[in-house]
Amino acid sequence: MSTIPELAPGGGTTAPPSGVTAIVLPGSGSDDRFVRAAFQAPLGALGIPLVAPVPERGGRLVAGYRSALDDALGTALRKPAGTVVVGGISLGAHVAAAWAAERLGEDPGAASALAGLLLALPAWTGPPGDAPAALAARVTAAQVRRGGVAAAVAQARAGAPSWLAAELARAWQGFGAGLADALDAAAAEPGPAPQALRTLDVPAGIAGLRDDPVHPLARARHWQRLLPRAALVVSALDPVGADPAVLGRATLLGWLRARTSPPRISRDGGAGRASRPR
């Protein structure tokens, strides 16, 4: 059973601002259906609508995510008091955080429309290198090219929890012939650099799983230390398998807690600046 509490203002959190929309990106080899299973009900409990982009089926995976984020920000800026919370799962969290740092660097006025970050299961920082998630994506891409999607699914069923293997099998079939290229694009995509994370002075909720070897909890803790205003909520694989909304609730609870966090100074080799309450 999950130990993540139900979402409700109070208990050290504050209600989210009105007019906010959340855009949440899928992870590598995953899709919008899993994003909705994880985030739609928890966001709905807070009155926040969800935008879950359908991933591009090929090498334009990351470009499609970035385009969806641009569209969401543009829509928010055109609305009176419109704001967005952006984020994703694994690769989606990487793309959202890197995109946010770039947009705020290019246009500080965009900060008025960015209400925070929802970062579930970060897998690496900077170049992917030999991070477990990047290695897994490369291996799966090679399996798909050698034996097709069915062979990759069979390998996943042999080495992953049954619920995760079933979820991957469903999502991978949707990618079809574009799966290998999408996985290679994900494995080659740099995560946000440490300095980029340090510049993101917005509330950030991070979710980590204590027993996930592909997304080590140490990576989530590293992101928490780098981000000026971040709260980490930890769960485990089995509760997420029983109810994917556990992952969304954990991430959102972190965001709500981060919104009330006091200013602090980065102690991870950062710029040594205090974050500003919002």
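Author: Let us begin with burial: a residue counts as buried when its relative accessible area is under 20%. The model before us is predicted. S90 has a relative accessible area of 8%, so S90 is buried.

Reader: Where is S90 found?

Author: S90 lies in the loop between β3 (83-89) and α3 (91-106).

Reader: Where is L121, and between which elements? Is L121 buried or exposed?

Author: L121 is placed in the loop that runs between β4 (114-120) and α4 (132-159). Its relative accessibility is 8%, so L121 counts as buried.

Reader: How should I read the surroundings of a residue within a helix?

Author: D32 belongs to helix α1 (residues 32-45). With 11% relative accessibility, D32 counts as buried, because the cut-off is 20%. The side chains of D32 and R36 are joined by a polar contact of 2.7 Å.

Reader: Which residues does D32 touch, leaving aside those up to four places away in sequence?

Author: With those set aside, D32 touches P26, A52, P53, V54 and P55.

Reader: How is the arrangement of α2 and α3 described?

Author: One considers the angle between the axes. The axes of α2 (residues 61-78) and α3 cross at roughly 50° and come within 10 Å. The two helices are therefore oblique to each other, and their crossing is right-handed.

Reader: Which residues make this contact?

Author: From α2, the contact involves L61, V62, Y65, R66, L69, D70 and L73. From α3, L91, V95, A96, W99, E102 and R103 take part. By class, nine of the residues in this contact are nonpolar and four are charged, with no polar ones.

Reader: How many helices and strands does the protein chain have, and what percentage of its residues count as buried?

Author: The protein chain has ten helices and six strands. Of its 278 residues, 55% count as buried. Among contacts in the chain with a separation of 6 or more, 80% are between residues 24 or more positions apart.

Terms used: Residues are numbered from 1 along each chain as its sequence is written. This is a predicted model: local features need pLDDT of at least 70, side-chain atom pairs count only at pLDDT 80 or more; totals for chains, interfaces and linings use all residues. Side-chain values use heavy atoms; hydrogens and water are left out. Helices (H or I, at least four residues) and strands (E, at least two) are DSSP runs, numbered from the N terminus. Buried means under 20% relative accessible area, exposed over 50%, partly exposed in between (1.4 Å probe, protein chains only). A polar contact is a pair of N or O atoms within 3.5 Å; within protein, one must be able to donate a hydrogen and the other to accept it, and residues adjacent in sequence count only if both atoms are side-chain atoms. Contact means heavy atoms within 4.5 Å. Axes are lines fitted to C-alpha atoms, for helices over the stretch in contact, and angles run from 0 to 180 degrees between N-to-C directions. Angles under 35 degrees count as roughly parallel, over 145 as roughly antiparallel, 65 to 115 as roughly perpendicular and the rest as oblique. A crossing is left-handed if the near helix is turned anticlockwise from the far one by less than a right angle, and right-handed if clockwise. Ala, Val, Leu, Ile, Met, Phe, Trp, Tyr, Cys and Pro count as nonpolar, Asp, Glu, Lys and Arg as charged, and the others, Gly among them, as polar.
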